[in-house]
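Notebook open, model loaded. I'm jotting down what I looked up, in the order I looked it up.

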Amino acid sequence: MKSGSMVAAAAVAFAFVGGVLFSQPAAAQQITHGCACLHNQTQAQVSYRYKWGETEWKTTSLRPGYQTALCWQYANAQRSSPNLVFELDVDMSKGNAWTKYAIARVQTAGSNCAAVGGGGHYNVSYRPNTNNGFIHITKRN
């Protein structure tokens, strides 16, 4: 009986270790998007525009205190996306001052900010010493 229970224990241990080893590629298959998350830290609605590679510009806005994810859904097994081109209207007056920012995206398992890892979060906040007249993007810590 002892050897039978040892064989069963060994089989369970092998199945557990095998499950752990083979579950990682399955988890990697869950990567479906490249995303960045914007957090509006101002008390005003902010305007921005973005495009993926050579696609058309999408112009939109983000309400104060809100966050949004900019995502590209992967269409291939290589998990790659075109370059993200991002511009923020940094002038808080009625005029426009579109300024380009480098926004890195991270691979995610979804298309919302909760799925975005630490390296893909950005704050939109007031630029220091501008009396809240201008905003900018900074990487979130």
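I started at the link of C35 and C71, which is right-handed, with 120 degrees about the S-S bond. This is a predicted model, so I'm reading computed values throughout. The two sulfur atoms of C35 and C71 sit 2.1 Å apart. I then checked where the two ends are: C35 is in strand β1 and C71 in strand β4 (residues 67–73), 36 residues apart, so the pair links distant parts of the chain.

Are the two ends buried or partly exposed? C35 is buried, at a relative accessible area of 0%. C71 is partly exposed, at 22%.

C37 lies in strand β1, while C113 lies in the loop between β7 (106–108) and β8. That pair is 76 residues apart and also links distant parts of the chain. Both C37 and C113 are buried. With the bonded cysteines numbered in sequence order, I wrote the pairing down as 1-3, 2-4.

**Overall layout**

Next I stepped back to the whole chain. I count one helix and nine strands, and along the sequence the pattern reads α-β-β-β-β-β-β-β-β-β. Of the 141 residues, 30% are buried. I also looked at contacts between residues at least 6 apart in sequence: 57% of them join residues at least 24 apart. The accessible surface comes to about 8900 Å², and 54% of that belongs to carbon and sulfur atoms.

**The core**

Which residues have the most contacts inside the largest nonpolar core? They are L38, Y48, F86, L88, I103 and I137, in a core of 19 residues. β1, β2, β5, β8 (121–126) and β9 (135–139) each supply at least two of the core's residues. β2 gives the largest share, four residues. As a general reminder to myself, nonpolar side chains in soluble globular proteins tend to be buried together.

Leaving aside neighbours within four places in sequence, I137 is in contact with L38, F86, L88, Y101, I103, Y122, N123 and V124.

**Salt bridge**

My search of the whole structure turned up one salt bridge. The side chains of R49 and E87 meet there, at 2.6 Å from N to O. R49 is in strand β2 (residues 46–52) and E87 in strand β5 (residues 84–89), so the pair ties together parts that are 38 residues apart in sequence. I checked burial too: E87 is buried, with a relative accessible area of 11%, whereas R49 is partly exposed, at 23%.

**H39**

Last stop was H39, back in strand β1 (residues 33–40). H39 is buried, with a relative accessible area of 7%. Which side chain does H39 meet in a polar contact of 3.1 Å? That partner is Q67. Beyond neighbours within four places in sequence, I listed the residues in contact with H39 as L62, Y66, Q67, H121, Y122, N123, V124 and R140.

Definitions and conventions: Residues numbered from 1 in each chain as written. Predicted model: local features only at pLDDT ≥ 70, side-chain atom pairs only at ≥ 80, totals over all residues. Heavy atoms only, no water. Buried < 20%, exposed > 50% of the residue type's maximum accessible area, 1.4 Å probe, protein only. Polar contact = N/O pair within 3.5 Å; in protein donor to acceptor, adjacent residues only side chain to side chain. Contact = heavy atoms within 4.5 Å. Areas by Shrake-Rupley, 256 points an atom, 1.4 Å probe, with all protein chains shown as cover. Salt bridge = Lys/Arg side-chain N within 4 Å of Asp/Glu carboxyl O. Core = buried A, V, L, I, M, F, W, Y, C linked by side-chain atoms within 4.5 Å. Disulfide = S-S within 2.5 Å.
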